[in-house]
Protein chains: 2
Amino acid sequence: MRPTVHDIAAEAGVSLATVDRVLNARPGVRQKTVDKVEAAVERLGYVRDVSAANLAKRRIYPLLFIVPGGPNSFMRGLEAEIRAAMQRSPAERTSIRIETVPPFDPAAIVSVLDSLDPAQVTGVALVATDTPDVTAAVDRLVEKGVHVATLVSDLPGSRRIHYCGIDNLAAGRTAGGLIGRFRAGRAGKVLVVAGSMKLSDHMDRASGFAEVLNAEFPELEIVGPVETNDDADAVRQAVTAALEADAGITAIYSLGAGTRGLIEALAGHVSRKLTVVAHEVTEHSRQALADGLFDAVINQDCGHEVRSAIRVLKARSDGLMPISAQERIRIDIFLRDNLP
Amino acid sequence: MRPTVHDIAAEAGVSLATVDRVLNARPGVRQKTVDKVEAAVERLGYVRDVSAANLAKRRIYPLLFIVPGGPNSFMRGLEAEIRAAMQRSPAERTSIRIETVPPFDPAAIVSVLDSLDPAQVTGVALVATDTPDVTAAVDRLVEKGVHVATLVSDLPGSRRIHYCGIDNLAAGRTAGGLIGRFRAGRAGKVLVVAGSMKLSDHMDRASGFAEVLNAEFPELEIVGPVETNDDADAVRQAVTAALEADAGITAIYSLGAGTRGLIEALAGHVSRKLTVVAHEVTEHSRQALADGLFDAVINQDCGHEVRSAIRVLKARSDGLMPISAQERIRIDIFLRDNLP
DNA sequence: CAAATTTTGAGGTACGTAAATCAGAAATCG
DNA sequence: CGATTTCTGATTTACGTACCTCAAAATTTG
């Protein structure tokens, strides 16, 4: 039978009230008594029954998720995962709200952040563009006592408590490792297609990719990155133009969204047997993998990211530090053969 | 405020006792009344407070894990994950015991299974050799009312309720897809190294691998599989012998354990620039990836598998069906660039 | 040493559910 | 129709923790 507060009280030779004061760090207990209680906790191996504690202190965590709107499949998937988390709200004692903002619009994010009432929200998770005004708004919010976590794309230099997303530098390196190995020493050019260099995740992927190609696969030359604002039509046009202009392109790394446009562009050049690596498993990229149009897709599990964000924000609201190692998001690689 | 059983009782116009009978499927309630209560639950959107319920019914789930002993790094990692789950036991209301059996010894597994008392154990998770005697012992145990889940390697045809592991056919296909693409059309032979064809996971991987190579990469010829009983020394000898005997081998797929032996064998043939894909991230394989000795490692997250097994066994003990989709274990691919 | 202050004890209520008892009501049967 | 049997209501206790009050004890201060 695992020990309860009563056992601790008996073991330490103090009253239940004192044990409670020590366990919950309430004032009015002599250090000597604190030590006695803590020793008893140690001896008996007491651990608080979280179910009972949650029941007694009927605390709820009001959280806000800020995500870009628009047709981006990945973001819609992310939103779906947040809604799934909302379904679990009762069990997790959370109260989650979603705020959709126009994509690539720092001002909109700033305006949402500045309008928040710390009394109404204990934690915010946001997909942010890495611009100084957003960073400043995050810092203002943190100053007001709200905990902030970044989602998918980080805001380095801000006072956010945690980044819930993959290591995009490593993701870029992984793409480089894949394409390099897939090309197996054959010289050629690699077209890099990005969404926006205002997004730190895209920046990082491009750097990581270039790093590996330069170091390990000097026979491959990078073309780009071309920026498309993650718009499918822009991607289609950019890729089509590049392929037609340069017959030396033998591989494509698409590190942003707008995958549909990439697929449309590739459809016109199947004979070139391009090596293609893209990001995020969506309906489109899944089909492209199955069709052999893509060789690999690098993915981040946005369900994990959302759940991690919730855990981290809750923990911080309770004054606990998140265990970073446990919250690491993995870089998934999918071929047609291991698609879920 | 979320509704409680009291609200349901008031809404349905029945007593608390009746609500309790309906919610917990206790007998002695007319269908008409059941409907009334269920309608009220529906209307108010009642969901049971799991914390409170767990507190009230102080149920614990006695579970048993059966894992092979021996030096196999992967199995030791698995055991470590089980021990980590034991640490969380208080919070999860489980009481976990580990039974270590000699590897590749069906009789030992059978003897453990047959010695179990259904009153002492509600669920068993085991890493099994796919032999008829083990299947029969599992079925006997299930007959006695104990829930059984297979871990890592499945026991198809048995009455186990769930398999907690990766789709090994898909894993083999993935290895085939990787090696095929890495070889990029260059003809050659691929040495396949397996542990034991008595393990259904090894069987499946070999089949999946062959399937993809035959269908998509006819320029690659399979040599083997050679069986090594997952013994590192046996692997070293087998690989060394094969490499020296056949200069046409350009790739190796190691689908079992004994990775240390593989690395030792490769060390003597670095000049051959072999394409190597192995299974399971361990200390050794991690180093081999970093050194460029391995091109990719396919991994199953044994932490996930253990946690999934516990969820599934608990759910079944409560008479619930596990949600299969949620319990799927992913096939992870690691290059040196995305190692965690 | 008395007064003021701090520390501790004793006891209670609450959270939402589970599970039990027992009496009374309603339905069913002969 | 009365006698069973089946259902339902009312009430109670318990789970382990949080949080509250009030009084008593211990300690410090003047």
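Modeller: Domain bounds come from an automatic or database domain assignment. Keep in mind that this model is predicted.

Biologist: Into which domains is chain A divided?

Modeller: Chain A has domain 1 (5–56), domain 2 (61–165 + 302–329) and domain 3 (168–299). Domain 2 is written as two stretches, 61–165 and 302–329.

Biologist: What separates the centres of domain 1 of chain A and domain 2 of chain A?

Modeller: Taken over C-alpha atoms, those two centres are 35 Å apart.

Biologist: On to the DNA. How many residues surround DNA strand C, and which are the closest?

Modeller: A residue counts as near a strand if its C-beta atom, placed from the backbone, lies within 6 Å of it. For DNA strand C the count is 25 residues. S15(A), V29(A), T33(A), T4(B) and A56(B) are the closest.

Biologist: Which helices each supply at least two residues of the surface near DNA strand C?

Modeller: In chain A they are α2 (16–23) and α4 (50–56). In chain B they are α2 (16–23) and α4 (50–56) as well. The helix that gives the most is α4(B), with four residues. By class, the surface near DNA strand C has 13 nonpolar, six polar and six charged residues.

Biologist: And DNA strand D? Which residues come nearest there?

Modeller: T4(A), A56(A), S15(B), V29(B) and T33(B) come nearest, out of 25 residues around DNA strand D. Here α2 and α4 of chain A, with α2 and α4 of chain B, each supply at least two residues. For DNA strand D the largest share, four residues, comes from α4(A). The surface near DNA strand D divides into 13 nonpolar, six polar and six charged residues.

Biologist: Now helix packing. At what angle do α1 and α3 of chain A pack?

Modeller: Read the angle together with the axis distance. Helix α1 (residues 5–12) and helix α3 (residues 31–44) of chain A pack at about 120°, and their axes are 9 Å apart.

Biologist: Why is α1(A) called oblique to α3(A)?

Modeller: Angles of 65 to 115 degrees count as roughly perpendicular, and over 145 as roughly antiparallel. The angle of about 120° therefore makes α1(A) oblique to α3(A). The crossing of α1(A) with α3(A) is right-handed.

Biologist: Which residues make that contact?

Modeller: From α1(A) come D7(A), I8(A), E11(A) and A12(A). From α3(A) come K36(A), V37(A), A40(A), V41(A), R43(A) and L44(A). By class, this contact of α1(A) with α3(A) has six nonpolar, no polar and four charged residues.

Biologist: Let us look between the chains. How many residues of chain B are in contact with chain A?

Modeller: The size of an interface is often given as the accessible area lost when the parts come together. Here we count residues instead. In this model, 29 residues of chain B are in contact with 29 residues of chain A. On the chain B side, α4, α6 (89–92) and α9 (168–183) each supply at least two residues. The largest share, eight residues, comes from α9(B). That side of chain B has 15 nonpolar, five polar and nine charged residues.

Biologist: Stay with α9(B). How do the axes of α9(B) and α10(B) cross?

Modeller: The axes of α9(B) and helix α10 (residues 200–216) of chain B come within 6 Å and cross at roughly 40°. The two helices are therefore oblique to each other. Their crossing is right-handed. In α9(B), the contact residues include N168(B), L169(B) and R173(B). Those in α10(B) include D201(B), F209(B) and E216(B). The contact of α9(B) with α10(B) divides into eight nonpolar, seven polar and six charged residues.

Biologist: One last pair. What is the handedness of the crossing of α11(A) and α12(A)?

Modeller: Right-handed. The axes of helix α11 (residues 232–245) and helix α12 (residues 259–267) of chain A come within 7 Å and cross at roughly 35°. Among the residues of α11(A) that meet α12(A) are V235(A), V239(A) and L243(A). The partners in α12(A) include L262(A) and A265(A). By class, this contact of α11(A) with α12(A) has seven nonpolar, two polar and four charged residues.

Notes. Residues numbered from 1 in each chain as written. Chains lettered and ligands numbered in written order. Predicted model: local features only at pLDDT ≥ 70, side-chain atom pairs only at ≥ 80, totals over all residues. Nonpolar A, V, L, I, M, F, W, Y, C, P; charged D, E, K, R; others polar. Axes fitted to C-alpha atoms, helices over the stretch in contact; angles between N-to-C directions. Parallel < 35°, antiparallel > 145°, perpendicular 65-115°, else oblique. Left-handed = near helix turned anticlockwise from the far one by under 90°. Contact = placed C-beta atoms within 7 Å.
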